[in-house]
Amino acid sequence: MLAAGLLAGFGGWRLHQANREARLPAPVAYLERPAIFRLSLQQARSRVLSGGFRAADLRNLAHLYQANRLNEEAGVCYRLIADRQPQDSYYLAEIAEDAGDLDEAAVQLELTIKGAPDYLPARLQLAEVLFKAGRQAEAEKAYQGVLAAVPDQPQAMFGLARIELQRKQDDAAIARLGALMLKHPEMTSGAALLAQVFDRRGEASRADAMTKWSRQKPEPVPADPWDDALLLDCYDIQRLGLKFEEYFTSGEIELALPLLGRVEALDPQSSIPPLLRGWSKARDHDDRGAVLEYRLALDRGGDPEKICPYLVQSLLALGETEAAAALLAEYHAKKPDSIPILISYADVVVRQGDTAKAKELLTLVVQREPFLTAANLSLARILWAEGQQDAAAQCLERVIKVSADDVASRATLAQYYLGRSEPQAAIGPLVEAVAIERDPALGRNLTRMLYSAYLQAGEEAEAAGHGAAAVVDDYDKAAALLPEQPAAYALKAKACASLQELDEAAAALAKLSQLQPGNPTVLLSLGDIAKQQGRDAEAAANWRRALALAGDRVPALRAALLDRLKGTVADSASP
Amino acid sequence: MKLILSAVVFLLVLTLAGVLLIRHPAPAPVVLASAAPGVHQVRQRQPLDFDYFTPRVLGKPAEGLPWITDLLIVDLDGDGLKDILVCDGRLNKVSWIRQVRLGVFEEQDIGGPVAGPAHLEVADLRGTGHLDVLVSSMGVVPPDNEKIGSVVVLENDGTNHFTNRVLLDKVARVTYVQAAHLTHSGRLDLVVGQFGYIEGEVRWMENLGNGRFASHQLLDLPGTIHAPAVDLNGDGKTDIVALVSQDSEEVHAFMNDGDGHFQDRVLHGSTNKDYGSSGLTIGDVNQDGRPDIVYTNGDGFDYATPGSRPWHGVQWLENQGGGKFVFHRVGDFPGAFSPVVVDLRGSGFKDIVTCSGFNDWNDKNAVSLMCFENDGTNHFTPRPLAHVPTHLIVVKAADLFNDGRIELVTGAFMFYPPYDHVSRVTLWEHKE
């Protein structure tokens with residue numbers, strides 16, 4: 001009987017325990033996570049169960065879940081806390097935000113603020129959540145509430161400016177953003193927004209000034225101690241790494257570096273902390289320290305495709321080109337198919353001046369990555385210097401395909417084609433170069449080159465016996481480029497005359513005579529064309545004007561004109 | 001008592017089985033229109049898995065590391081066969097993979113070079129009866145704040161020859177352009193999204209006729225990826241929806257009063273500045289007649305170490321009418337890009353297909369092509385379709401062979417190593 005009673009009691013206790021445990025998130029092994037996390041979780045769950053679901057224990061368990069991206073589980077734990085504190089609501093709001101439930105996030109943030117009205121990040125977060133939920137008027141009120149508590153608070157000023165812009169209240173937004181920049185010059189996002197507004201309004205110089213401002217040092221991450229506190233429970237290496245990157249990008253290195261220590265504690269052999277420390281040191285120009293860190297990352301099995309290029313940059317900054325080359329030779333031998341290592345290796349060998357090796361490596365690079373600008377340019381230089389212009393031109397052809405703004409390569413390529421009497425091949429690169437060159441003087445030089453290319457192309461078409469349309473087209477393009485230059489009109493007139501396109505020839509000569517009113521040969525030619533078209537009187541008039549201009553300076557010209565005039569007069573007189 | 005208990009349990013089992021049967025109907029046969037008139041094949045629906053499609057290289061093979069930034073499935077020449085337009089952000093060109101005969105494709109470049117093309121649309125912009133190609137030009141694809149963007153139209157002369165004409169230039173990098181009737185003029189106006197970098201904007205360009213346009217700015221923020229035009233509220237006026245990434249991570253609706261006045265509304269946003277919004281499309285997910293908004297967040301382009309983030313995935317904003325939009329997470333998918341709303345296997349329900357541009361490609365199990373299958377109640381189950389090729393930044397879906405089945409076409413953007421599975425344009429066709 002007693003045994004049955006004990007058994008029943010034990011059964012009842014087990015059932016009670018099971019019921020209590022069922023209120024918690026289901027236990028999961030989490031084998032892919034660090035052992036320390038699994039242990040902490042087990043202990044935290046035990047404390048909740050053994051302590052009768054005390055708020056503090058539930059809170060600790062919730063933090064552990066949330067800090068390690070187990071939001072649903074964390075939410076269950078927070079909701080089991082009978083007397084939730086503002087901080088609990090804040091974390092519930094974060095969970096709702098992550099799930100995209102902005103209305104629930106707003107509810108939780110309002111609860112947070114009710115209990116902790118002085119916690120500024122919550123007030124800002126509420127305003128932002130309301131704005132993102134499209135609840136503009138409420139967001140405005142929330143931002144104003146922040147400003148009432150903390151005048152000139154930068155995120156609130158920025159948020160209100162965005163609302164004003166949304167309402168098309170430009171003047172108010174500009175005034176607010178201007179004030180923001182005065183009070184908080186570090187708010188580069190404000191400068192960028194102001195630059196865009198000025199640009200839209202056509203205020204170019206103000207826009208330019210703000211653009212430059214926006215590119216100053218990165219904007220700091222707003223402080224949020226409650227959110228940071230979660231990191232203490234974080235055993236998720238990726239999350240710690242991302243937080244590091246956030247601080248690193250915003251220039252807050254002193255906050256970033258301790259996170260690497262935590263990553264290293266979780267996984268002493270992780271290559272991530274030395275790699276990230278290497279970046280940090282390289283950014284501070286401590287390249288010696290960076291090299292040590294990068295080497296440690298490699299020793300720990302980090303990916304050489306990622307690490308070697310950084311390590312090489314630091315070695316080059318230290319002037320240790322030989323060491324860089326040796327390192328890359330070693331890893332190129334180990335990973336011959338790695339494009340990043342090959343590119344880096346070729347770059348270093350080019351710096352070393354080892355032309356033969358550089359040529360070999362660059363050839364390999366462009367075989368695998370045909371459109372890398374730097375590699376093609378380096379290879380083109382080597383090939384050109386060796387007299388292999390044809391091969392160099394192929395490299396430049398690849399460069400101009402991918403570099404929409406590379407004028408030099410286009411000009412060099414055009415020169416190469418013009419040198420080979422292939423004006424049509426030169427025209428394409430020159431047209432693009434003229435379109436993209438911003439320096440007026442250089443632009444004029446390129447235009448002159450293009451003008452010559454069109455003239456050559458016209459002559460080539462004429463010699464090849466192409467029709468009038470093709471020939472005239474090139475000369476017309478040349479004339480359109482430099483309408484004050486006579487050569488295009490002269491060549492066009494000559495070509496049209498020989499192709500019996502007499503009207504076109506006459507028009508070109510007329511244009512030429514405007515440019516060179518004192519040139520008697522133009523009038524001679526105009527007369528000839530008029531004669532061919534049967535307009536004898538007009539022909540004679542042109543020849544007479546030519547004769548007057550020629551005077552006695554060129555006897556042969558004078559004789560030719562007199563011959564023509566005699567013939568015309570005689571022809572005209574004949575019945 | 002025991003008997004009664006057994007009967008209750010049996011009844012319970014039957015009921016549960018019934019529920020399960022209702023929730024998961026057996027696969028039904030699909031009737032497919034065949035190429036021959038009047039003849040139909042009956043095909044059992046295949047499960048959506050790695051064997052559902054067979055990949056085939058489409059067009060020219062990959063040369064180096066391709067940067068395909070966008071593609072579009074369209075019958076460009078009106079011959080009844082769907083073609084594929086492709087833009088290459090590295091080679092600065094647009095090419096046309098033309099379906100010359102059913103299942104036979106040939107590729108040719110069209111128009112002149114376009115610097116950093118990022119997005120393609122087609123429209124008969126000049127009313128010639130031929131489709132012109134609208135190209136969004138970034139100038140350069142990697143981050144840059146210079147005013148190097150442009151809107152370029154490749155004008156179709158009707159004989160498959162295309163000539164570039166610049167409609168807008170020297171502006172923040174353009175990532176989206178679409179033609180739409182935004183006013184009562186009867187002319188096609190343009191919606192332009194300009195990602196820029198530190199600065200950027202959304203504008204619409206009013207077609208004044210004779211090839212002239214007047215710009216009207218709508219938003220002063222950088223980061224716009226897509227900005228499709230759609231009548232969101234069924235009032236007969238075309239509105240604009242914009243996905244704005246960078247530090248904003250918001251979906252904006254610009255509601256049109258029909259007279260060229262737009263009211264900016266934020267429909268939804270993330271407070272996570274690193275959310276990585278990557279692509280947006282319009283589709284009637286729940287088939288209630290109202291256009292819903294589907295978008296992905298999977299951009300890993302601008303990180304110190306390109307790659308995925310744990311919050312990457314797919315979501316939709318359910319258009320409930322009356323200006324109300326409700327957020328639903330569809331599912332997680334590292335590096336998600338380019339959502340497509342399509343009934344992939346003819347179930348009658350709209351699935352969401354998406355690809356991954358920024359998954360962890362060192363992990364051979366990382367998925368590059370995914371279908372979120374709709375169970376009919378708008379609950380979605382992830383169905384991985386492919387691990388390789390990797391780095392897929394764009395996917396489009398269409399019945400390419402006029403047989404009632406949906407094929408996919410993907411484009412690869414090889415931006416960061418490893419480069420073990422390089423591709424350019426891939427057709428995902430059905431096994432025969």
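1. Basis. This is a predicted model: local features need pLDDT of at least 70, side-chain atom pairs count only at pLDDT 80 or more, and totals for chains, interfaces and linings use all residues. Residues are numbered from 1 along each chain as its sequence is written, while chains are lettered from A and ligands numbered from 1 in the order in which they are written.

2. Interface. Chain A puts 36 residues into the contact and chain B 33 residues (contact: C-beta atoms, placed from the backbone, within 7 Å). On the chain A side, the elements giving two or more residues include α5 (86-98), α11 (188-200) and α23 (389-402). α11(A) gives the most, with eight residues.

3. Chain B overall. Its secondary structure is one helix and 31 strands (DSSP runs numbered from the N terminus: helices H or I, at least four residues; strands E, at least two). Of its 432 residues, 50% are buried (20 or more other C-beta atoms within 10 Å of the residue's own, C-beta atoms being placed from the backbone).

4. Strand β10(B). This strand spans residues 149-156, and seven of its eight residues are buried. β10(B) pairs antiparallel with β9(B), residues 132-137, over five bridges (pairing: at least two DSSP bridges between the strands). Here L134(B) stands opposite V153(B).

5. Hairpin. β10(B) also pairs antiparallel with β11(B), residues 162-171, over eight bridges. N156(B) stands opposite F162(B). Five residues lie between the two strands of this hairpin, and G158(B) in the turn has a positive phi of about 90°.

Terms used:
Contact = placed C-beta atoms within 7 Å. Buried ≥ 20, exposed ≤ 12 C-beta atoms within 10 Å, placed from the backbone.
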